[in-house]
Amino acid sequence: MTQIDIQLPDGFGTIAEYAAEIKRAFAKYSSFPNMHIVDFFVTGFWQQLPDDWQEYLEQVEVTGLVAMASTGQVDASAPESLRSYVKDMFRLRLNYQGPLIAAAAADSEQGELWYFLEGMNPKKRVEVQLLSQLVSTVAKESQCSLVVDVGAGQGYLSRVLAYSSYSLPVLAIDSSPKQQRGAESMQRRTIKRLQGSRAAQHGFKWEAGRAQQLQHTVMHVGLDRTGELAATAHSRAAGGRWMLCGLHACGDLSSAVLKTFVESDAAAVAVVPCCYNHISETRQGTAAGFPLSREMHGIRLGQNALKTACQATSRWDSCPEATLAAFRRNHFRALLHYLMVAHGQVAPDAMAPAVGKVTNTELQAAKVSVDASSDEIAFTTYVLAALTKLNHAWRPTAEQCVECYREHGTGLQQIAAAWTLKSLAGPLVECMLVVDRAMYLAEHCRGSGRVSAFALFDPVTSPRNVVLVAQRGDNA
């Protein structure tokens, strides 16, 4: 019987009970994670909220919204149903506590990791150090003679696993030939450092043939293309046990890695997923990244909810200026869509064109002179810059832009409140994804195996910090 190690919130005895409750909560509150902020004014989302919610949220300062999203603090004067929503969103969050992993060394530049720092920012250094430690532990416990790093990119994790004291044979796989060439180039420079005098002074002995510990292969891995990965890994392991790993495997790639584990003779897997917005959902029986488990069969989250799972409200209180800037960007983007619909440039029920980030350079190029407030001028400038970025032929007059902004004078406050309500549901959606994947692994982890999910990184610096680990039992 496969054991699932996930620390559930208080009040839940089994993961099945917890799964049932988060499904119920998602069904009840799905309008929040599925709200598309760009459609805010067009669909009249604010008017769909209860009157007492509107009245209360229009009075809450930004600091109050940040506290609500990041810590669950809600004033006692808030409507009971609103306080219940916030309470549920925090009550149902997984604790993600798991095995103790040694903290990343503060003096990494002086230790072994120094030889592998090329190209890594501080965030990546910590992630590579912690995941490599975990993978080494899992590989040892599962008696693996080969680690397959899927979505290896520039090979940061692969090189640490292969050439540090972990000394694990590694097959690094990426779909991009360019990434492979970059990884191989850095691999050669890393080997040169490890063969140098500094490494020798630190007692590092480079052994002949060690360069072959790390091999690179270009391969496309997808939900419908896991067989080649499994066959290649099985062949490279040459009869030995092998495991899969991945650091921030994007969207469906993380699901494909787990699917490869389930359908192969891999002994273990350790993967940190990311980019939930790129996860596909089941349509007409096609292979998809969600749901994977029997428990979540029939559940559909929706693209907007998957995007909501990417929100990192834990960072809001530590980055107040960035949070306010995000509110303002959402406000301008929603107003632009409303303006385009109002002037017949986009149908009300059509998908809004993707603008992306409008840079300062683009804003500077579109800057206009108009007799209006600074906020009205900023919005007018944004509209012209965004339409230029879209290569759209239509250009509203400055007066039309200012009129649109004035029509929704309290729009920024409403957008900020709505974005808070939406983002509060992000962890719930992420929990549904984590539980789905953990239960899928448990359903197919043959023998007396073990499945766990826990936070490996600091959520403030690395919001996508949950690692999924599965190990088959000895009798698998």
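What is the volume of the second largest pocket?

1. The second largest pocket holds about 460 Å³, where a pocket is an open set of points on a 1 Å grid over the protein atoms alone, at which a 1.4 Å probe fits, with protein on both sides within 12 Å along at least five of seven lines. Grid points are joined across faces, edges and corners, and the volume is the space filled by probe spheres set on them.

2. This is a predicted model, in which local features need pLDDT of at least 70 and side-chain atom pairs count only at pLDDT 80 or more, while totals for chains, interfaces and linings use all residues. Residues are numbered from 1 along each chain as its sequence is written, and side-chain values use heavy atoms, without hydrogens and water.

3. The elements contributing two or more residues include α14 (320-342) and α18 (411-424), helices being DSSP runs of H or I with at least four residues and strands runs of E with at least two, numbered from the N terminus. The largest share, 10 residues, is from α14.

4. Around the second largest pocket stand 27 lining residues, and Gly 151, Ala 152, Gly 153, Asp 174 and Leu 253 are the closest to its centre. Among the elements giving two or more residues are β2 (144-150), β3 (170-174) and α12 (252-263), whereas β5 gives the most, with 4 residues.

Definitions and conventions:
1 Å grid on protein atoms, 1.4 Å probe; cavity = no way out; pocket = protein on both sides within 12 Å on 5 of 7 lines; lining within 4 Å.
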